[in-house]
Amino acid sequence: MAPQQQHSEGHDQFTTSDDNVMIKQILATHANHNFHKVDLRPHLQIIKKIVQHSTTLECTNVHDEEVSSHMESLDEKIRKVDFVGMLESLAYTIHKISNEISCKCFGGGDAHWTTVELLKSLSKFSWDAKVVVALAAFGVTYGEFWLVVELYQTHPLAKSIALLKQLPDIFEQLEKLKPRFEALWSLIKAMLDVTKCIVQFHELPPQYISPNQPPMLVATALIPTAVYWTIRSVVACVSDVIGLIGLDHKYVIYISPSLPSPLFIHLCLSIPFTVEAGELSNLEHKVNKIHEHLTKQLEICNQHVDEMKELEAYNPLVQLFETSQVDNMNILKALIPASKDDLRPLVYGPTRTRFGIEVLRYKWSLLLISDLYISREEFTIFNQIMCEMRWYVKQKTEILGLQRIIGRFESGFQVVWIPVVDKTLPWTETMQRDYDRLQATMPEYSVHQPSLINPGVIKYFKEMWHFNKKPILVVLNGLGKVENPNALHMLWIWRSFAFNFSSNQEKELWSSETWRLEFLVDGIDEDILRWVKEEEQFICLYGGEDIIG
């Protein structure tokens with residue numbers, strides 16, 4: 001059974017037992033040292049542009065707004081020295097490989113042999129560079145072909161080249177050629193998807209995931225075969241384009257006697273191309289299955305990286321809270337880090353003014369931690385209690401002196417709303433609107449953007465302060481020490497009297513109060529008290545978090 005037939009019968013597995021010999025051949029072409037290190041992103045961007053403008057049977061309108069925007073984008077990149085330098089580093093190799101592919105495809109050799117020979121030519125490159133160079137080499141051949149196709153009717157140079165190459169007028173043969181081009185384009189897209197995935201593996205930060213760790217070991221085993229099948233698909237695509245151009249003499253050429261000009265040539269399209277019609281579809285299926293496997297493994301690797309990043313932020317945070325501090329700055333900066341571009345991670349509600357963390361220095365910090373689904377009613381009641389508390393503290397200060405109310409931290413307190421969002425989900429416009437709506441009702445400080453709160457901090461919220469979607473209110477004193485890991489229930493019950501939220505304060509409040517209906521109702525509905533006093537009715541309390549149990 002031929003190699004292509006062997007792998008095109010719809011097997012769902014990435015490799016089969018029959019692939020072992022082939023895999024050994026692939027690995028034997030690879031030099032395990034002295035790799036050429038290059039940044040491949042610029043090449044991928046250019047390849048993507050070539051594909052984007054050559055996978056349609058509509059002529060490109062250079063005056064189209066979208067096309068003009070792409071031209072301006074490329075011009076801007078070209079002006080950057082680094083971008084051009086990165087492209088220059090592989091220019092000769094891409095040209096060499098492009099010619100090598102074309103020459104081997106002209107000879108009509110075995111696709112497997114051609115692919116292995118190309119891998120030998122790329123032996124000193126890393127696996128991601130091999131596949132990018134091969135895809136770029138195809139991009140040059142295919143891009144030049146399509147450029148002539150588009151300019152065939154409007155530019156004399158393109159017309160001359162088309163005549164020399166016996167290129168058919170693609171746009172006059174739409175119905176006959178459309179199925180073949182659609183198969184070609186589907187395979188090109190699959191090749192590009194796999195290539196981007198392979199590059200992403202090689203871009204994973206080594207400080208968080210090393211080649212010897214299990215997720216990367218699995219990826220390392222998958223990538224060589226993925227590179228092989230992508231380059232083999234490149235060979236098939238180039239063969240298909242060469243067959244279309246007519247350089248393999250598969251077309252029947254004749255002079256039309258009915259036309260006055262002997263230079264007008266008709267091409268008979270009924271004879272098969274170099275690549276059989278079903279082969280491109282079979283390769284597309286194979287490459288797409290490879291992409292599925294690589295994508296799943298990349299998700300596992302990215303999850304590992306995220307976990308390592310979490311620990312990187314989480315462990316120092318644990319140590320910070322276990323260490324005595326001279327103020328609260330180190331802890332608050334760890335909890336609410338500023339971005340590199342903006343050192344003001346806080347927004348003050350009433351004025352929408354941005355502030356740095358320094359505005360909280362030595363102040364007691366009341367951290368309201370919640371997701372975006374905190375109810376408007378909770379927010380409103382919380383803000384009302386905060387207003388009462390400020391008035392309460394001010395009154396007590398005037399009577400007893402600030403020292404006796406809040407100890408030696410005479411700077412007062414501030415509230416900061418810290419939103420927690422699921423980092424695994426994309427940040428949508430709807431989520432941004434919900435956040436803006438809540439932030440607009442917050443008369444205190446809030447975090448400018450939820451993205452500032454890194455996963456390690458969220459891990460600390462969950463593991464140390466037991467945050468689990470429901471809002472909590474963490475009280476830090478002026479030195480960053482936790483006075484209460486969740487004072488929200490205390491705030492709901494005692495309102496402004498809950499300050500300074502310490503356990504001693506809570507004990508004193510409970511010792512001064514007894515369980516009675518007036519305490520429980522607390523102004524919710526005055527009719528309830530009247531029922532008892534005037535009508536001597538019994539009140540049955542029904543509710544709780546688990547009323548069914």
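How many helices and strands does the protein chain have? In this predicted model, the count comes to 20 helices and nine strands. Of the chain's 549 residues, 44% count as buried.

Seven strands form an open sheet in the order 4-3-7-6-5-8-9, and their pairing is mixed. Strand 4 (353-355) and strand 9 (482-484) each have a single partner strand and stand at the edges, so one side of each lacks a neighbour in the sheet. From one strand to the next, the twist averages 30°. As a general point, strands of a sheet pair through backbone hydrogen bonds, either parallel or antiparallel. A parallel example is found in strand 5 (residues 364-370) and strand 6 (residues 413-419), which are joined by seven bridges. Within this pair, I369 has I418 of strand 6 as its bridge partner.

How far can the model be trusted? The mean pLDDT of the protein chain is 79, with 74% of its residues at 70 or more. Two stretches deserve a careful eye. Over residues 247-274, pLDDT stays under 50, and the model has 46 contacts beyond four places in sequence for them. Where pLDDT is low, the predicted coordinates should not be read in detail.

Methods: Residues numbered from 1 in each chain as written. Predicted model: local features only at pLDDT ≥ 70, side-chain atom pairs only at ≥ 80, totals over all residues. Heavy atoms only, no water. Pairing = 2+ DSSP bridges. Helix = DSSP H or I, 4+ residues; strand = E, 2+ residues; numbered from the N terminus. Axes fitted to C-alpha atoms, helices over the stretch in contact; angles between N-to-C directions. Buried < 20%, exposed > 50% of the residue type's maximum accessible area, 1.4 Å probe, protein only. pLDDT = per-residue confidence, 0-100. Contact = heavy atoms within 4.5 Å.
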